[in-house]
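Welcome! Have the sequence and the model open beside you, and try each exercise before reading its solution.

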Amino acid sequence: MSTERIPGFCALCRSRCGCISVVEDGRLVAVEPDPTHPTGKSLCVKGRAAPELVYSPDRLLHPLRRTRPKGEPDAGWVRISWEEALDWTAEQMRTVAARHGPEAVAFAVTTAAGTAMSDGLAWVERLIRLFGSPNIIYAAELCGWHRDFATAYTFGTDIGTPDFARTGCLLLWGHNPSTSFLAQATAAAEAKSRGAALIVVDPRRAGLANRADQWLRVRPGTDGALALGLAGVMIAEGWYDREFIGDWSTGPFLVRDDTDRFLTATDLAGDGAPENYVAWDRVSARPVVYARRTAAFVGPISEPLLRGSVTCATPAGSVACRPAFDRFAELCLAYPPTRVERITGVPAAQVVETARLLWERRPVAYFHWTGLEQHTNATQTVRAISLLYALTGSFDAPGGNIRLSRPSVNDLAPLALLPDAQRQKALGYAERPLGPGRQGWVTARDVYRAILSGEPYPVRGLLGFGSNLLLSQPDTETARAALAQLEFLVYADLFLTPTAALADVVLPVASAWERQGLRVGFGLSQDGEVLGQVPGRSWRRGARRVRTPGSSASWPGAWAWASSSSAGTRTPATAMCSNPRGSRWRSCGQSGGACAYRSSRATGGTRSWPGTARRASRRQAAAWRSTPSASWSTGRRRSRSTSSRRRAR
Ligand code: SF4
């Protein structure tokens with residue numbers, strides 16, 4: 001009997017646990033943890049059950065075509081060839097696009113956070129964007145939007161990565177990594193064992209809540225009040241990082257009492273730039289303009305005012321103003337612990353103790369997920385928590401939530417593949433211009449409406465990639481009626497799910513263990529983020545892992561740290577290369593200084609992370625910057641770890 005132990009990763013959820021696939025005589029018999037991989041210390045039951053998934057007797061094995069009308073109990077499935085299935089599907093897509101535009105074809109894509117779409121999503125998105133449709137039902141609004149984009153509207157970036165290894169206090173809010181992000185759970189448990197404080201906000205005493213220093217049993221849906229109450233205690237006690245707020249947030253910027261808008265340089269002097277805001281120097285008692293383009297104050301400022309009110313002289317007369325932070329403080333102080341207890345069920349004394357813990361055990365790292373995000377007020381709740389977190393001054397600091405160095409590789413599915421005009425046709429975009437439609441993600445409800453009523457335009461066809469809409473989205477009966485009305489419905493899945501059973505054509509997909517795995521960056525830690533996996537074998541998930549450009553390993557000349565040979569000896573692997581002139585995923589074979597592309601990048605191209613990160617961060621922040629308002633946000637402008645404080649300029 002031949003046995004192979006093939007390193008790879010479990011693609012079944014966002015944890016992307018490093019694993020060893022055990023193959024006996026060509027048959028997958030077990031999947032085991034790979035402790036040498038940054039995310040591979042343990043596997044959950046889902047990952048370990050991979051052989052059951054791969055060899056399930058219920059798997060779809062061939063493309064199928066319906067021969068009976070929709071609505072009949074028996075679809076009359078007949079087996080067809082891949083050529084017939086793909087030709088028919090492509091013909092339907094082309095026909096609908098020619099008659100009604102590519103937006104009339106919608107797509108449904110399962111979540112990469114909890115399914116084997118983890119390493120395939122970018123390829124599917126590439127197909128959709130190049131086809132030209134702005135309509136992907138992706139469920140982002142149900143679970144991931146708030147974590148990544150409510151924070152982007154507050155921080156300018158997503159939530160970042162908790163620095164488990166260095167944190168002094170870990171805050172898990174509506175997030176039980178023991179069941180949803182195993183690699184995080186392992187890292188959190190290690191942090192706790194090392195002595196970090198642990199705060200868990202969850203109605204249930206589940207997972208790590210059992211080990212928490214503070215378990216806050218919040219009444220579901222009242223998390224926003226809890227965040228404001230905690231922030232109120234911290235502000236009242238002076239437990240907040242004034243330097244961080246003064247240097248790295250919009251907190252010092254003055255807001256006019258008469259309009260509730262930021263005071264601008266134009267208000268101050270008619271010829272000032274309208275996009276520039278104004279702070280008040282507490283020491284010299286005068287306004288100081290902040291230039292957004294250079295992210296620095298114009299002129300010296302000793303100590304920006306954070307609390308209180310001032311009167312500014314303008315050409316139009318005196319204007320009463322308060323710093324944005326003062327307004328935030330006023331809101332938070334309206335939620336004293338006793339009021340928070342009434343609203344949330346969390347005892348007032350525990351609110352105070354938790355606030356103390358957040359301050360005294362800094363740096364704080366935090367994470368939140370679906371517990372918060374499946375509520376109607378999730379966006380504002382997450383913004384309140386983001387601002388609470390900002391009080392600790394831990395964002396982008398060691399031990400806080402950090403931005404990891406990411407390997408520089410080509411983006412497979414940039415939004416730019418979709419022309420602007422098409423992007424703006426995303427269903428729901430007009431009603432929710434700051435919502436998921438900006439990314440081409442639409443709600444199932446909007447797609448059903450477009451199919452059934454033709455509003456705002458008709459959707460005539462749908463391709464599903466593993467998203468079982470009848471079960472994963474609300475309003476099953478409307479979904480059933482809408483899908484039955486389509487000119488064509490094609491579904492790709494492992495099994496004939498209730499939604500796939502409504503299709504005209506069904507396409508069987510390979511499981512994560514039956515295709516080559518490609519992954520750049522595993523997250524969790526810097527070690528994990530610089531790791532890449534490239535196809536290295538023909539069987540299943542066999543792969544090579546390589547340190548990617550930007551890692552601490554010398555570059556060029558990346559090294560393999562897991563062998564692709566069955567003998568288990570370490571062998572040099574081909575380094576990943578994003579040279580557009582070479583092959584996409586392998587280097588052109590030139591080594592050392594012979595590679596002009598590498599040389600140019602090493603001397604100021606896009607290779608170095610900090611530069612790339614800052615540029616990306618600025619672009620992202622600019623892209624997400626909403627209309628100036630009186631809200632207070634961190635408005636992070638550059639990496640704290642690599643730049644000087646803004647008022648030092
Ligand atoms: S936590 Fe996710 S990636 Fe890890 S073994 Fe389980 S399903 Fe696989």
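The exercises below go through a sheet, a residue within it, a core, a helix pair and some backbone details.

Before you start, note that this is a predicted model, in which local features need pLDDT of at least 70, side-chain atom pairs count only at pLDDT 80 or more, and totals for chains, interfaces and linings use all residues. Residues are numbered from 1 along each chain as its sequence is written.

**Exercise 1. Decide whether Val288 is buried or exposed, and find its contacts.**

Step 1: Locate Val288 in strand β14.
Step 2: Count the other C-beta atoms, placed from the backbone, within 10 Å: 20 or more means buried, 12 or fewer exposed, and anything in between partly exposed. Val288 has 20 such neighbours, so Val288 counts as buried.
Step 3: List its contacts, meaning residues whose C-beta atoms, placed from the backbone, lie within 7 Å. Leaving out residues up to four places away in sequence, Val288 touches Val278, Ala279, Asp281, Phe297, Gly299 and Ile301.
Step 4: Compare sequence with space. Val288 and Pro300 are 12 residues apart in sequence, and their C-alpha atoms are 7.8 Å apart.

**Exercise 2. Find the residues that touch the most other members of the largest nonpolar core.**

Step 1: Recall what such a core is: a set of buried Ala, Val, Leu, Ile, Met, Phe, Trp, Tyr and Cys residues joined through C-beta atoms within 7 Å. In soluble globular proteins, nonpolar side chains tend to be buried together.
Step 2: Look among its 159 residues; Leu230, Ala231, Met234, Val278 and Val447 touch the most other members.
Step 3: Follow one of them. Beyond its neighbours within four places in sequence, Ala231 contacts Cys332, Leu387, Leu388 and Leu391.

**Exercise 3. Describe how helices α6 and α16 pack.**

Step 1: Take the two helices, α6 (residues 145-155) and α16 (residues 378-391); their axes are 9 Å apart, at an angle of about 55°.
Step 2: Name the arrangement. Angles under 35 degrees count as roughly parallel, over 145 as roughly antiparallel, 65 to 115 as roughly perpendicular and the rest as oblique, and α6 and α16 are therefore oblique to each other.
Step 3: Look at the residues that meet, including Ala150 and Tyr153 in α6 and Val382 and Leu387 in α16.

**Exercise 4. Locate two cis peptide bonds and a positive phi angle.**

Step 1: The bond from Arg362 to Pro363 is cis, with omega near 5°; Pro363 is in the loop between α14 (348-360) and β18 (364-368).
Step 2: The bond from Glu455 to Pro456 is also cis, with omega near -5°; Pro456 is in the loop between α18 (444-453) and β21 (461-465).
Step 3: Asp25, a residue other than glycine, has a positive phi near 50°. Its loop runs between β2 (18-24) and β3 (27-33), and with 9 C-beta neighbours inside 10 Å, Asp25 counts as exposed.

Notes
Contact = placed C-beta atoms within 7 Å. Axes fitted to C-alpha atoms, helices over the stretch in contact; angles between N-to-C directions. Helix = DSSP H or I, 4+ residues; strand = E, 2+ residues; numbered from the N terminus.
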